[in-house]
Amino acid sequence: MPEISRFYGLVIKLLYNDDEQHHKPHVHVKYGEYKASVGLDGEVLAGQIPVKQYRILTAWLVIHEEELYRAWNLAVAGKPFGKIDPLS
C-alpha cells in the first residue's frame with residue numbers, strides 16, 4: 001500500500017485498484033494502533049481514529065482535495081501517483 005503522506009503521527013496510504021470495497025474515493029490512515037478508511041469527503045468508512053487526529057486529517061483532506069482526487073484516479077487506474085505535502 002503506497003504511502004501518500006505522513007505527518008503528526010498519521011500515516012496516509014492509497015491502494016491501487018481500490019474502488020470495490022467502499023465504492024468511493026478514500027485513503028487508509030494509521031495512527032498508532034488505530035486504523036481507518038476515510039473518504040476524501042471526510043466520512044469514516046471503516047475502523048477508528050481518535051477525534052483530534054481525525055480533525056487534523058480532515059483539514060489536510062480539504063487543503064489537498066484536488067491533489068487527492070487526482071492521485072485517487074491514478075491509483076484506481078493502477079498508475080503511479082506522487083506524494084502529497086504533509087501539514088506543517
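**Strands, helices and a buried core**

Q: Which residues does His 64 touch, not counting residues up to four places away in sequence?
A: This is a predicted model. His 64 lies in the loop between α1 and α2. Leaving out residues up to four places away in sequence, His 64 touches Ile 84 and Asp 85.

Q: Is His 64 buried or exposed?
A: Residues count as buried under 20% relative accessible area. His 64 has a relative accessible area of 9%. That value is below the cut-off, so His 64 is buried.

Q: Which side chain makes a polar contact with the side chain of His 64, and at what distance?
A: The side chain of His 64 reaches the backbone oxygen of Asp 85 at 3.2 Å. The side-chain partner is Glu 67, at 2.6 Å.

Q: How many bridges join β4 to β5?
A: β4 spans residues 34–39 and β5 spans residues 44–47. Across the pair, Ala 36 stands opposite Gly 47, and Val 38 stands opposite Val 44. The two strands run antiparallel, and the bridges number three.

Q: Which residue in the turn between β4 and β5 has a positive phi?
A: β4 and β5 form a hairpin. Four residues lie between them. The one with a positive phi, about 95°, is Gly 42.

Q: Which element gives the largest share of the largest nonpolar core?
A: This core has 20 residues, and those with the most contacts inside it are Ile 4, Val 27, Leu 57 and Trp 60. The elements giving two or more residues are β1, β2, β3, β4, α1 and α2. The largest share is four residues, and it comes from α2.

Q: Which side chain makes a polar contact with the side chain of Gln 53?
A: Gln 53 is found in helix α1. At 10% relative accessibility, Gln 53 counts as buried. Gln 53 touches Leu 10 and Tyr 31, not counting residues up to four places away in sequence. The polar contact, at 3.2 Å, is with Tyr 31.

Q: Is the aromatic pair of Phe 7 and Tyr 8 edge-to-face or stacked?
A: The structure holds two aromatic pairs. In the pair of Phe 7 and Tyr 8, the centres are 6.2 Å apart and the planes make 90°. Planes over 60 degrees apart count as edge-to-face. The pair is therefore edge-to-face.

Q: How many residues apart in sequence are the parts tied together by the pair of Phe 7 and Trp 60?
A: The pair is tilted, 5.5 Å centre to centre, with 45° between the planes. Both Phe 7 and Trp 60 are buried. Phe 7 lies in strand β1 and Trp 60 in helix α1, so the parts tied together are apart in sequence by 53 residues.

Note on methods: Residues are numbered from 1 along each chain as its sequence is written. This is a predicted model: local features need pLDDT of at least 70, side-chain atom pairs count only at pLDDT 80 or more; totals for chains, interfaces and linings use all residues. Side-chain values use heavy atoms; hydrogens and water are left out. Two strands pair if DSSP finds at least two bridges between them. A nonpolar core is a set of buried Ala, Val, Leu, Ile, Met, Phe, Trp, Tyr and Cys residues joined through side-chain atoms within 4.5 Å. Buried means under 20% relative accessible area, exposed over 50%, partly exposed in between (1.4 Å probe, protein chains only). A polar contact is a pair of N or O atoms within 3.5 Å; within protein, one must be able to donate a hydrogen and the other to accept it, and residues adjacent in sequence count only if both atoms are side-chain atoms. Contact means heavy atoms within 4.5 Å. Rings of Phe, Tyr and Trp (its six-membered ring) pair if their centres lie within 6.5 Å; planes under 30 degrees apart count as stacked, over 60 as edge-to-face and the rest as tilted.
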